[in-house]
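Thanks for making time for this.

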Amino acid sequence: MDLKHSASGAVESTESYIATSKSTDMITPKEKEEQRAKAGALTAPAEGYKVYARRWAVLFLFVFYSASNSMQWIQYTIINNIITRYYGISEKWVDWTSMIYMILYIPLIFPGSWFLDKAGLRITALVGVVGTCVGAWIKVFSVDPSLFYVGFIGQAIVALSQVCILSLPARLAAVWFGLDQVSSATSVGVFGNQLGVAVGFVLPPMLVPNSPDLETVGNDLRLMFYMVAGLTSVLLVLMVFFFQDRPPTPPSAAQEAAQRLEASDAEQVSFMHSLRNLLTNKNFILLLLSYGINVGVFYAISTLLNPVVLKYYPGHEVDAGRIGLSIVLAGMLGSVVSGIVLDKSHKFKETTLAVYALSMVGMWIFTFTLDAGHIAVVYLTASLLGFFMTGYLPVGFEFGAELTFPEPEGTSSGLLNASAQTFGICFTLFYSELFSEFGDIAANVTMAIMLIVGTIITAITQSDLRRQNAQVTVRGDAGNP
């Protein structure tokens, strides 16, 4: 342990290490020379790169901030039958409170990624938390059977704010964490989104039970909206005072190279040029498709979980929420396990393919156990599905960062999220129609077939680990000055 004085004058604990890489990818002399040139002929400091203890505070503050936004995603749809009765609207309108998250994200992904690159982590996060807080407070004033449109406006503002959230985990991890911790840190960052979804599944059915008295329903809704608005207000204050942009020194050779490229006027890469590089990267395009399919299926299942569960288990609104909670909690565990596996093995392609294939298997099992007659079976199979399907999220982010280095992590993550939102909209609408016309078996089998397609696409994606190779190059230069 070293002691280092921070900018504020306080003594701060830091950790020193020299990052290692277990990547088995071969690097040709020509590629090595090109990477050395891009990195500015970096050499690792003799004492190693420093990572700062405050990185954990920044990361966990982001986790709760992200959760405060994502918990509102299915706030309405998980109590679909109660919302339709209270406001006198159709189920389709309730579905749109979920899909608005996906629809608004797509056109704003490019401006959002550009803003992250230019403004940095802190400003981007503050814009997002302000929007989340404002939208939550607007919903407080929507508690009247004639004011659904007010709540929808608040939901739309919260949905807009996710543009300043979803692309941050990979960027935050790369900026604050060393190379042997970056995958785990990304997993924890994505964990925040999953934590919010978990709360969104379980809290509304508990706070707003299916009462025959509409006045009671209104009071319960008001309490729920006040609780969320209060939480986001507290987080807004904490973010303003404690969320920092970046550490005093870069945590890894790869991040030092990326920061030198950002600071170099001669080599400054424009956002559009970076975007063009990403969209002409064959392996990244394949990942965009496979990632979008997997997460799109998850969005569709989450949005329609309430009517699917109630079809077989009428009156079990609370169980529908808890089954959703089981999916996400298992996914949190899957995320953490996947992140640890990636940090220890650096087998990005192999881990991605394994998790994807097991997501597909889990979907088939879930499909044909819904009618088992015992809701405990649904809890079990839903958890199995969630462990792999939701656990895939950080794996896809990290594989994307590897395939696209040294392009900004926020841009690659943003494109992956845009793909997920696009597939999510299409799959949710398609799933809803299939469920209405042919039942849940046809809808779920279709989603399982989509996951087979995604598994095949993942299998043909090549393992081009550029970030790992950059680290190997710098370490080789340090040994051969």
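The second largest pocket in this predicted model is lined by Phe64, Ala67, Ser68, Met71, Leu195, Gly196, Val199, Leu203, Met227, Val228, Leu231 and Leu235. By pocket I mean, on a 1 Å grid over the protein atoms alone, an open set of points where a 1.4 Å probe fits, with protein on both sides within 12 Å along at least five of seven lines, and lining residues have an atom within 4 Å of a point. Its volume, the space filled by probe spheres set on the points, which are joined across faces, edges and corners, is about 160 Å³. Helix H2 (54-70), helix H7 (182-207) and helix H8 (214-242) each supply at least two lining residues, where helices are DSSP runs (H or I, at least four residues) numbered from the N terminus. By class the lining has 10 nonpolar, two polar and no charged residues, with Ala, Val, Leu, Ile, Met, Phe, Trp, Tyr, Cys and Pro counted as nonpolar, Asp, Glu, Lys and Arg as charged, and the others, Gly among them, as polar.

A word on conventions: residues are numbered from 1 along each chain as its sequence is written. Local features need pLDDT of at least 70 and side-chain atom pairs pLDDT 80 or more, while totals for chains, interfaces and linings use all residues, and side-chain values use heavy atoms, with hydrogens and water left out.

How many salt bridges are there? The count comes to two, taking a salt bridge as a side-chain nitrogen of Lys or Arg within 4 Å of a carboxyl oxygen of Asp or Glu. In one of them, Lys311 pairs with Asp440, with the closest N and O atoms 2.8 Å apart. This pair links distant parts of the chain, Lys311 being in helix H12 (residues 305-312) and Asp440 in helix H18 (residues 440-460), 129 residues apart. Is Asp440 buried or exposed? Asp440 counts as buried, at 1% relative accessibility, whereas Lys311 is partly exposed at 43%; buried means under 20% relative accessible area, exposed over 50%, and partly exposed in between, with a 1.4 Å probe and protein chains only.

The other bridge joins the side chains of Lys92 and Glu433 at 3.3 Å, N to O. Lys92 sits in helix H4 (residues 91-140) and Glu433 in helix H17 (residues 409-438), 341 residues apart. Here Lys92 is partly exposed at 39%, and Glu433 is partly exposed at 41%.
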